[in-house]
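Thanks for coming. Please have a look at it first.

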Amino acid sequence: MKDPILYIVIPCYNEEAVLPMTSGIFLKKITGLAAAGKISDESRVLFVNDGSKDKTWQIIEELAASDAHYEGVCLSRNRGHQNALLAGLMTAKEYADVTISIDCDGQDDINAMDAMIDEYLAGVDVVYGVRSKRTTDTWFKRTTAEGFYRVMRALGADVVFNHADYRLLSRRALEGLAEFGEVNLFLRGLVPLVGYRCSSVYYERAERLAGESHYPLKKMLAFAFDGITSLSTKPLRLITAAGILVSAVSFLAIIGTIITKLFGYTVTGWTSMICAVYFLGGVQLLGIGVIGEYIGKIYSETKRRPRFIIGETTLEAKEKR
């Protein structure tokens with residue numbers, strides 16, 4: 001059996017500080033796996049420049065010129081982590097038998113790739129890299145992250161707990177993923193929908209080697225909300241349930257008001273009236289906001305704009321298999 005061609009897909013955004021450090025680690029891993037006879041020497045490290053404003057693309061071009069195992073793809077503009085990752089996966093799909101996606105910052109344990117490849121060689125199409133613990137995170141980040149996964153599951157989304165975007169995908173799984181045409185991407189939820197045989201590899205995450213995180217609290221919350229609204233309609237059902245509950249309470253309050261009126265115990269109450277107005281107004285605005293988020297996603301999907309556009313690439317013209 002021919003050794004499989006592996007492409008390690010790495011999205012990059014303003015990574016000039018860490019890329020020179022981690023690129024050598026990725027190269028060492030891919031050549032080591034090839035030397036061990038697990039993958040072909042035609043395997044590559046594929047960097048995807050997501051419209052970086054620093055020298056990230058220049059570094060990628062220099063790496064590609066220095067070693068044939070490095071390749072690069074540069075998007076025409078910044079499209080976000082998920083679109084950059086998809087661009088790399090769809091590019092690699094034309095050349096590779098299997099891909100492993102990983103972040104550029106060196107936090108994910110690269111040695112977990114050995115176990116991922118072993119799972120693939122055993123017939124598994126999707127292998128999730130799952131964090132065994134979150135001791136390197138702050139208490140706030142750990143609590144909010146774990147809460148996010150629990151909320152996603154409660155809302156019916158099929159996500160893998162403590163799994164980000166460190167995963168192996170076979171060519172068959174990549175072809176299945178390509179069938180999904182969503183513009184609003186949340187790959188952590190889409191990949192499980194592909195199906196096929198899957199497994200998990202557990203690892204411990206380290207500190208970032210250099211540079212700063214590109215996911216502050218604001219972006220993390222936006223990413224979480226995108227994931228929820230992209231994979232579940234339960235928030236809309238919760239609004240309906242809240243509307244029914246508020247209507248029932250209001251109906252009981254009306255009955256109580258009529259009774260007190262009949263017995264002559266009515267007292268004009270400014271506070272109770274204002275509280276009722278604020279409460280109902282808040283519920284209505286919240287409901288309109290959630291519905292508006294879904295309508296906005298529908299609007300984006302109907303336009304069918306491209307999820308990414310490749311501006312430059314170091315990949316040579318190859319015959320597609």
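Let me start with Thr56, which lies in helix H2. Helices here are DSSP runs of H or I with at least four residues, strands are runs of E with at least two, and both are numbered from the N terminus. A word on where this comes from: the model is predicted, local features need pLDDT of at least 70, side-chain atom pairs count only at pLDDT 80 or more, and totals for chains, interfaces and linings use all residues. Residues are numbered from 1 along each chain as its sequence is written, and side-chain values use heavy atoms, with hydrogens and water left out.

Is Thr56 buried or exposed? Thr56 counts as buried because its relative accessible area is 0%; buried means under 20%, exposed over 50%, and partly exposed in between, with a 1.4 Å probe and protein chains only. Setting aside neighbours within four places in sequence, Thr56 is in contact with Cys12, Asn14, Glu15, Glu16, Leu19 and Asn49. Contact means heavy atoms within 4.5 Å.

Now the helix pair. H1 and helix H2 (residues 56-66) pack at an angle of about 35 degrees, their axes 11 Å apart. Axes are lines fitted to C-alpha atoms, for helices over the stretch in contact, and angles run from 0 to 180 degrees between N-to-C directions. Which residues make the contact? From H1 they are Leu19, Pro20 and Ser23, and from H2 they are Thr56, Ile59, Ile60 and Leu63.

Next, His69, in the loop between H2 and E3. His69 counts as buried because its relative accessibility is 13%. Its side chain makes a polar contact with the side chain of Asp41, at 3.1 Å. A polar contact is a pair of N or O atoms within 3.5 Å; within protein, one must be able to donate a hydrogen and the other to accept it, and residues adjacent in sequence count only if both atoms are side-chain atoms.

Last, the sheet. Eight strands form an open, mixed sheet in the order E7-E5-E6-E4-E1-E2-E3-E8. Two strands pair if DSSP finds at least two bridges between them. At the edges are E7 (198-203) and E8 (310-313), each pairing on one side only. Strand E1 (residues 6-12) runs parallel to strand E4 (residues 98-101), joined by four bridges. Helix H1 (residues 19-35) lies across E1, E2 (44-49) and E3 (70-75), at about 150 degrees to E2.
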